[in-house]
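Look through the sequence and the 3D view before reading on.

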Amino acid sequence: MATEFKNTESTIDNSSLRLVSIFQNVLDRKGITASGRLKNSFNVKESNEQGIELEFDSYGTIVDQGRRPSSKMPPVKPIQDWLRDKNIRPKGGQTIEQLSFAIAKTIQKKGYRPQPFIQLTLNEFAEYLANEIEQPLAQDIEDSIQSELNRTINGKTIVVNL
């Protein structure tokens with residue numbers, strides 16, 4: 001007997017949109033929204049019959065985990081874009097390019113403190129799933145049991161109401 005879990009599948013299908021929404025809300029709450037590029041980069045796609053994949057801009061991992069000091073300087077262009085998005089103007093006759101370079105050098109020397117958002121989001125999503133799947137799953141189990149109990153045995157229909 002193959003059991004269908006229609007209610008649960010529908011809830012899980014809708015949950016991928018909820019995951020993106022939770023990520024965006026967490027970024028807003030934490031104030032990680034300079035340009036909105038990271039916030040708008042979240043996308044969920046089906047990976048196979050087993051689940052979904054969440055994609056987002058690669059610098060989201062750096063925002064989440066931070067960056068240690070290193071011999072490699074971060075790219076200057078995203079810093080320039082960030083300065084423009086935040087409407088930050090250089091002082092003392094400096095250009096945006098010069099200020100971006102100085103910030104990149106500082107990040108290279110001192111690193112970048114983490115602004116964790118990934119685990120927080122996954123925790124909220126797990127709580128959402130627990131709350132949202134409990135009722136549909138219970139209904140699916142009840143429907144499955146009811147269907148099995150209502151089947152015909154030796155030409156006689158047995159009906160049992162739960």
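Which residues does Gln115 touch, not counting residues up to four places away in sequence? In this predicted model, they are Lys30, Ile32, Val63 and Asp64. Gln115 sits in the loop between α5 (96–110) and α6 (118–149). Is Gln115 buried or exposed? Its relative accessible area is 17%, and because the cut-off for buried is under 20%, Gln115 counts as buried.

Next comes Phe117. Leaving aside neighbours within four places in sequence, Phe117 is in contact with Phe23, Val26, Leu27, Lys30, Ile32, Leu38, Phe42, Gly60, Val63 and Asp64. Lys30, Ile32, Val63 and Asp64 were also named above as contacts of Gln115.

Phe117 also belongs to the largest nonpolar core, which has 15 residues. Within this core, the residues that touch the most other members are Phe23, Leu27, Ile32, Leu38, Phe42 and Phe117. Two or more residues of the core come from each of α1 (6–30) and α6. The largest share, 6 residues, is given by α1. Another core lies apart from this one; it has 7 residues, including Val76, Ile79, Ile96 and Ile107.

The protein chain has a mean pLDDT of 83, and 82% of its residues reach 70 or more. Confidence is highest in α5, at a mean of 95, and lowest in strand β3 (residues 152–153), at 62. Where pLDDT is low, the predicted coordinates should not be read in detail.

Methods:
Residues numbered from 1 in each chain as written. Predicted model: local features only at pLDDT ≥ 70, side-chain atom pairs only at ≥ 80, totals over all residues. Heavy atoms only, no water. Helix = DSSP H or I, 4+ residues; strand = E, 2+ residues; numbered from the N terminus. Buried < 20%, exposed > 50% of the residue type's maximum accessible area, 1.4 Å probe, protein only. Contact = heavy atoms within 4.5 Å. Core = buried A, V, L, I, M, F, W, Y, C linked by side-chain atoms within 4.5 Å. pLDDT = per-residue confidence, 0-100.
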